[in-house]
There are 2 protein chains.
Amino acid sequence: MTSSEQEFLNNYHPEDYEKPSVAVDLLVFTIEEAALKLVMIRREEMPFQNKLALPGVFVNIRESLEEAAYRGIEEETGLTDIYLEQLYTWGDLERDPRMRIISVSYMALVPIHKIHLSKGKRTTQVSLYPVEELLAEETEIAFDHKKMIACARERIKNKTEYTDVAFAFLPEEFTLPQLQRIYEILLGKELYKANFRKKIKDLVEETEHYTTGVSHRPSQYYRRKGNGEEVGKNEQMESISESGNR
Amino acid sequence: MTSSEQEFLNNYHPEDYEKPSVAVDLLVFTIEEAALKLVMIRREEMPFQNKLALPGVFVNIRESLEEAAYRGIEEETGLTDIYLEQLYTWGDLERDPRMRIISVSYMALVPIHKIHLSKGKRTTQVSLYPVEELLAEETEIAFDHKKMIACARERIKNKTEYTDVAFAFLPEEFTLPQLQRIYEILLGKELYKANFRKKIKDLVEETEHYTTGVSHRPSQYYRRKGNGEEVGKNEQMESISESGNR
DNA sequence: ACAATAGTGTCTGTGAGACAGTATCGA
DNA sequence: TCGATACTGTCTCACAGACACTATTGT
């Protein structure tokens with residue numbers, strides 16, 4: 001802050017100035033039926049009435065951005081304890097026709113078995129939609145949320161290549177074919193079994209369990225190898241360095 | 001936004017609620033004397049009096065975040081037309097002891113020959129400091145700005161590995177030893193000449209010029225090969241996907 | 001036996017890393 | 001000629017990609 005801002009601040013009374021509102025918009029991703037899906041709500045009011053939009057909440061003066069994001073996700077979906085990551089902050093003037101809102105987008109990655117949309121406190125229509133559909137040319141999405149979705153989709157793809165994010169979509173124990181399917185969906189391309197296994201072999205460890213009742217060779221269950229930190233807890237500013245489109 | 005937020009919004013009058021203030025904090029990087037340096041100001045007021053801080057401005061209700069960032073950078077340093085990228089948004093409650101401020105950090109990468117700190121409109125003490133020093137354990141920095149610096153430093157390192165950001169620190173024409181030096185400073189390690197050249201050969205094209213007056217073999221000047229878009233213009237949400245710590 | 005999926009062995013090409021060698025200037 | 005830096009050729013090793021092969025279940 002410059003010294004003139006400093007002076008400004010010393011005589012500063014919030015009431016005197018018009019401030020933008022600050023919100024968080026939430027991108028809760030999961031994988032269901034071999035598709036990457038997103039929690040969306042159907043808007044009931046103008047503007048963008050009946051259009052799909054991302055869930056979001058305003059940031060309370062007494063909560064951090066991350067707290068607001070967790071609160072919003074719990075209110076909409078009942079989820080707690082999940083992988084959460086800040087993505088980008090959207091501040092264009094015309095993002096919302098009613099008023100100036102600056103919105104910080106957060107992305108959550110959740111295994112489908114943890115999602116019970118009915119558990120949210122809200123009565124709004126909340127459901128899962130395939131990201132592919134949401135991004136389609138002809139699909140209309142409220143506000144600048146389509147851009148947010150495109151942005152998050154890209155980010156997931158990139159992070160899949162150099163981190164463990166894929167595990168966030170699976171339960172504790174999983175088979176390698178399951179894991180590979182997750183990677184394929186996130187990357188949008190098929191992988192070779194043998195090569196895939198070589199690549200991730202250090203990230204997982206065997207269990208004693210096998211799939212049963214399948215009419216072919218059963219598959220062994222694995223779990224993540226305890227390489228220190230878990231996927232599922234936010235790490236500060238993690239989005240940053242990293243990240244970047246290639 | 002949920003329908004209940006929708007209702008909320010319909011009865012919403014800004015005066016009724018306390019909103020956080022929104023600012024942008026600016027990380028203007030350059031390379032000088034074989035060191036990565038940052039434009040910092042010396043605070044003249046409490047809190048953090050006499051401590052170093054990042055330059056920053058409040059976001060006006062009628063300007064976008066990016067516009068605010070460009071405005072701030074021009075006011076402090078006189079720079080215009082530069083590489084700019086959003087990094088992260090900091091929203092903890094206690095970031096500023098005086099009031100709730102949410103701050104969006106932006107990073108600019110500038111060749112040293114373009115920087116003339118005197119050209120800023122502000123009278124504040126503005127100068128360049130080596131990032132190494134700023135990040136040192138014993139250096140005190142105002143607010144949470146040290147975290148911002150650490151974060152940006154990491155991001156630059158990562159982006160250097162898979163993008164062209166290094167070019168942002170150089171003039172139009174440059175020699176390959178110069179370019180290599182930039183990479184070495186950004187990555188924090190020495191590189192092998194031959195390997196480096198193999199890696200970047202597709203990114204550059206020769207010019208006719210050579211260095212002169214050096215008491216050893218002269219070095220040929222190169223320029224960036226016109227691979228479409230330039231480094232120096234912001235690309236939307238570029239920070240996101242990619243990015244990420246490894 | 002066969003369909004179906006799980007899981008493994010191995011060849012090949014590419015590219016990073018390491019190092020040794022040659023080139024061209026001023027003094 | 002020498003010191004200094006620019007620039008190039010090439011070996012090695014690790015790893016991604018591609019493909020062929022073996023293994024184990026239910027019917």
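In the predicted model, helix 5 and helix 6 of chain B are roughly perpendicular to each other, because their axes cross at roughly 95° and angles of 65 to 115 degrees fall in that class. The two axes come within 11 Å. Helix 5 of chain B contributes B:Leu176, B:Leu179, B:Gln180 and B:Tyr183 to the contact, and helix 6 of chain B contributes B:Lys193, B:Phe196, B:Arg197 and B:Ile200. Of these contact residues, five are nonpolar, one is polar and two are charged.

Helix 6 of chain B also takes part in the surface near DNA strand C, where it provides the largest share, four residues. Helix 5 (176-187) and helix 6 (193-200) of chain A likewise each supply at least two residues of this surface. In total, 20 residues surround DNA strand C, and the closest are A:Pro177, A:Ala194, A:His216, B:Ser215 and B:Arg217. The surface is made up of six nonpolar, eight polar and six charged residues.

In chain A, strand 1 (residues 21-32) is mostly covered, with eleven of its twelve residues buried. Strand 1 of chain A runs parallel to strand 6 (residues 101-109) of chain A, to which nine bridges join it; A:Leu26 has A:Tyr106 as its bridge partner there. Strand 4 (residues 56-58) of chain A is antiparallel to strand 1 of chain A and is joined to it by three bridges, with A:Phe58 opposite A:Ala23. Four bridges link strand 1 of chain A to strand 2 (residues 35-42) of chain A, again in the antiparallel sense, and A:Glu32 is opposite A:Ala35. The hairpin formed by strand 1 and strand 2 of chain A has two residues between the strands, and A:Glu33 adopts a positive phi near 50° in this hairpin.

Note on methods: Residues are numbered from 1 along each chain as its sequence is written. Chains are lettered from A and ligands numbered from 1 in the order in which they are written. This is a predicted model: local features need pLDDT of at least 70, side-chain atom pairs count only at pLDDT 80 or more; totals for chains, interfaces and linings use all residues. A residue is near a molecule or strand if its C-beta atom, placed from the backbone, lies within 6 Å of it. Ala, Val, Leu, Ile, Met, Phe, Trp, Tyr, Cys and Pro count as nonpolar, Asp, Glu, Lys and Arg as charged, and the others, Gly among them, as polar. Axes are lines fitted to C-alpha atoms, for helices over the stretch in contact, and angles run from 0 to 180 degrees between N-to-C directions. Angles under 35 degrees count as roughly parallel, over 145 as roughly antiparallel, 65 to 115 as roughly perpendicular and the rest as oblique. Two residues are in contact if their C-beta atoms, placed from the backbone, lie within 7 Å. A residue is buried if 20 or more other C-beta atoms lie within 10 Å of its own, exposed if 12 or fewer, and partly exposed in between; C-beta atoms are placed from the backbone. Two strands pair if DSSP finds at least two bridges between them.
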